[in-house]
Every structure is written in C-alpha cells, then in structure tokens.
Amino acid sequence: MLTPMLAEVSGNLHVGLAALGGALGVGFIGMKASEAVGRNPGAATPILVQSILAIAFAEAIVFYALFLVK
C-alpha cells in the first residue's frame, strides 16, 4: 500500500524538479544572452540563434521527465 503511494509521489517530485531546473536554465540563458547582446550589439543575431537552441535543450529536460513519469 505504501509503495505505490511513494512511487507516485516520487514521480511527481522528479517532474517538478525537472520543471524547476528547466525554468532556471531558461532564465539563466536569457540573462546571459541579454548581457552578451549588451556588450556586443552587432552579434545580436548569432546570440539569438544560440540562445534559442539552448532554451530548446533546457525545455527538453521537462519533456523527458514527463515521458518517463509513467
């Protein structure tokens, strides 16, 4: 009786931690991309492309967690 409840709690917990990690990652990427564009405005387009790719990879962690929950 206790084991299924713990399994469900731990599954929800790891999805929540993955969402928290993804959100922090997206925030840090945006912060650093803004700093980089502020230092070098001419490189805004390559920085934008790199940051969009990095944000997509950070968001993928949440999707992996959602697919692995059950």
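The following legends describe close-up views of a predicted model. Residues are numbered from 1 along each chain as its sequence is written, and side-chain values use heavy atoms, with hydrogens and water left out.

View 1. Helix 2 comprises residues 44-68; helices are DSSP runs of H or I with at least four residues, numbered from the N terminus. The expected span of a helix is 1.5 Å times one less than its number of residues. For the 25 residues of helix 2 this gives 36 Å, in agreement with the 36 Å between its end C-alpha atoms. The buried residues of helix 2 are I47, S51, A58, A60, V62 and A65. Buried denotes under 20% relative accessible area, exposed over 50%, and partly exposed the range in between, with a 1.4 Å probe and protein chains only.

**View 2. The surroundings of S51.** S51 belongs to helix 2 and is buried, its relative accessible area being 12%. A polar atom of the S51 side chain lies 2.9 Å from the backbone oxygen of L48. When residues up to four places away in sequence are not counted, S51 touches I29 and A33; contact here means heavy atoms within 4.5 Å.

**View 3. The contacts of I55.** I55 is also found in helix 2, and at 28% relative accessibility it counts as partly exposed. I55 touches V26 and I29, leaving aside residues up to four places away in sequence. The C-alpha atoms of I55 and G30 are 8.4 Å apart in space, although these residues are 25 residues apart in sequence.

**View 4. The salt bridge between K32 and E35.** One salt bridge is found in a search of the whole structure, the term denoting a side-chain nitrogen of Lys or Arg within 4 Å of a carboxyl oxygen of Asp or Glu. The side chains of K32 and E35 form this kind of pair, with an N to O distance of 3.4 Å. Both residues lie in helix 1 (residues 2-39), three residues apart, which is about one turn of the helix. K32 is partly exposed, with a relative accessible area of 48%, and E35 is likewise partly exposed, at 34%.

View 5. H14 lies in helix 1 and is partly exposed, with a relative accessible area of 32%. It touches A65, L68 and V69, not counting residues up to four places away in sequence. H14 and A65 are 51 residues apart in sequence, yet their C-alpha atoms are 7.0 Å apart in space. G11, found in helix 1, is buried at a relative accessible area of 8%.

**View 6. A nonpolar surface patch.** L13, L17, L20, L24, F28 and M31 make a nonpolar surface patch of about 610 Å². Patches consist of residues with over 30% relative accessible area and no salt bridge, like charges being joined within 9 Å and nonpolar side chains (Val, Leu, Ile, Met, Phe, Trp, Tyr) within 5 Å. Accessible areas come from the Shrake-Rupley method with a 1.4 Å probe, and for residues only the protein chains shown count as cover. L13, one of the patch residues, is found in helix 1 and is exposed, with a relative accessible area of 52%.

Conventions
This is a predicted model: local features need pLDDT of at least 70, side-chain atom pairs count only at pLDDT 80 or more; totals for chains, interfaces and linings use all residues. Helices (H or I, at least four residues) and strands (E, at least two) are DSSP runs, numbered from the N terminus. A polar contact is a pair of N or O atoms within 3.5 Å; within protein, one must be able to donate a hydrogen and the other to accept it, and residues adjacent in sequence count only if both atoms are side-chain atoms.
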